[in-house]
Amino acid sequence: MCVFFGTVLAAIGCLIVAAWFFLFILDSGVLENPKPNQTPMDSAKPTLLWIQSVTALLTGIFLLYVANKQRNNFAVLDLKAKNEQNRYGRVSRILHWTIAIMFISLIPMGIFASMIPEDTEYRNAYYVAHKTIGVTVFLLVLVRLVWNRISKRPALDSSLSPREEKLAHRAHNTLYFMMLAVPITGFMMTSYHGYETYFFFWEMKPLWEESPVYQVWGGFHKYLLPYILYIVLGAHVLGALKHQFIDKHQNAFKRMVS
Ligand code: HEM
Ligand code: HEM
């Protein structure tokens, strides 16, 4: 795919998330009358949704601006399937961006799903979609781990200082951990709570007897992991942008982007 279309696609993705919030969520009445809070931390959910949607809107507008600058660049990347010494190959890039888009969308989707009052007709549709995409992410991460063994990942870019290298390495490892831990804790919470897990049309019954231990898994899936994720993901994305726009070490960003 050429660079211009990649940027346009990313912009459309961000603008869809923003449109979903500003056109549907704000009009749904759920923010004003959500399901009763289970913990005091739940009162932060409307603010979190606002922050995430405004970020999606601003990112979408920024990407449209970038796309406008790239509009004469129809060069198609000459990329091998396997990783090279200094840049990621086609398979790693497709996996990184597919997982990233799904993972990031699941966050506001999960927050909103958990706010919908019990008797709302579309509540179940959100749960089915959230679980289906969540399981898909988990399976894609397994494929990514196998692929990393088949095709060695490139070492970090030489422009990184030793401190940045250490931080980037830790952030990547934590993100791999998160990509497995978040869907697994979601599945454990669901199963111990006595609910089904969905994967498209396949409905998996709970694997265990219903047990209050679901609250522990829920504590991880709903509170601890998302807040750690905000920090690590923020550092990952801002770190990549810093390299591109402040340090002007454009090679680091290009290894995964263009
Ligand atoms: C949407 C914003 C994102 C941007 C701009 C971005 C950018 C990048 C870039 C430039 C790299 C290459 C770093 C290098 O030079 O080695 C990278 C690698 C990586 N990214 Fe992202 N990323 C984003 C989202 C995500 C998300 C949501 C996740 C996971 C949940 C993620 C997980 C990773 C991992 C684990 C690596 C290391 C890849 C490997 O060596 O296997 N990224 N990212
Ligand atoms: C990468 C995958 C996933 C991500 C990023 C993700 C993220 C989230 C987030 C941020 C929430 C909102 C928590 C809250 O504020 O209350 C949530 C809720 C939820 N997630 Fe996930 N999730 C993922 C996968 C899964 C999977 C695989 C399942 C089940 C099989 C699942 C089941 C649920 C359920 C049932 C809720 C709603 C809990 C409630 O109603 O209180 N999630 N998810």
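## Ligand shells and domain contact

By class, the shell around ligand 2 holds 12 nonpolar, 8 polar and 3 charged residues. Nonpolar means Ala, Val, Leu, Ile, Met, Phe, Trp, Tyr, Cys and Pro, charged means Asp, Glu, Lys and Arg, and polar means the others, Gly among them. The model is predicted: local features need pLDDT of at least 70 and side-chain atom pairs count only at pLDDT 80 or more, while totals for chains, interfaces and linings use all residues. Residues are numbered from 1 along each chain as its sequence is written, and chains are lettered from A and ligands numbered from 1 in the order in which they are written.

A residue counts as near a ligand if its C-beta atom, placed from the backbone, lies within 6 Å of it. Helices are DSSP runs (H or I, at least four residues), numbered from the N terminus.

| Ligand | Residues around it | Nearest residues |
|---|---|---|
| ligand 1 | 21 residues | Ala 100, Arg 153, His 172, Leu 175, Met 256 |
| ligand 2 | 23 residues | Leu 106, Gly 110, Ser 114, Gly 134, Gly 186 |

Around ligand 1, at least two residues each come from α3 (90–115), α5 (162–192), α6 (214–246) and α7 (250–254). Its shell has 14 nonpolar, 4 polar and 3 charged residues. For ligand 2, α3, α4 (123–150), α5 and α6 each supply at least two residues, and α3 gives the most, with 7 residues.

The protein is divided into domain 1 (1–76) and domain 2 (82–258), with bounds from an automatic or database domain assignment. Their contact takes 14 residues from domain 1 and 12 residues from domain 2, counting C-beta atoms, placed from the backbone, within 7 Å. On the domain 1 side, α1 (3–28) and α2 (45–69) give two or more residues, and α2 has the largest share, 5 residues.

Notes: Two residues are in contact if their C-beta atoms, placed from the backbone, lie within 7 Å.
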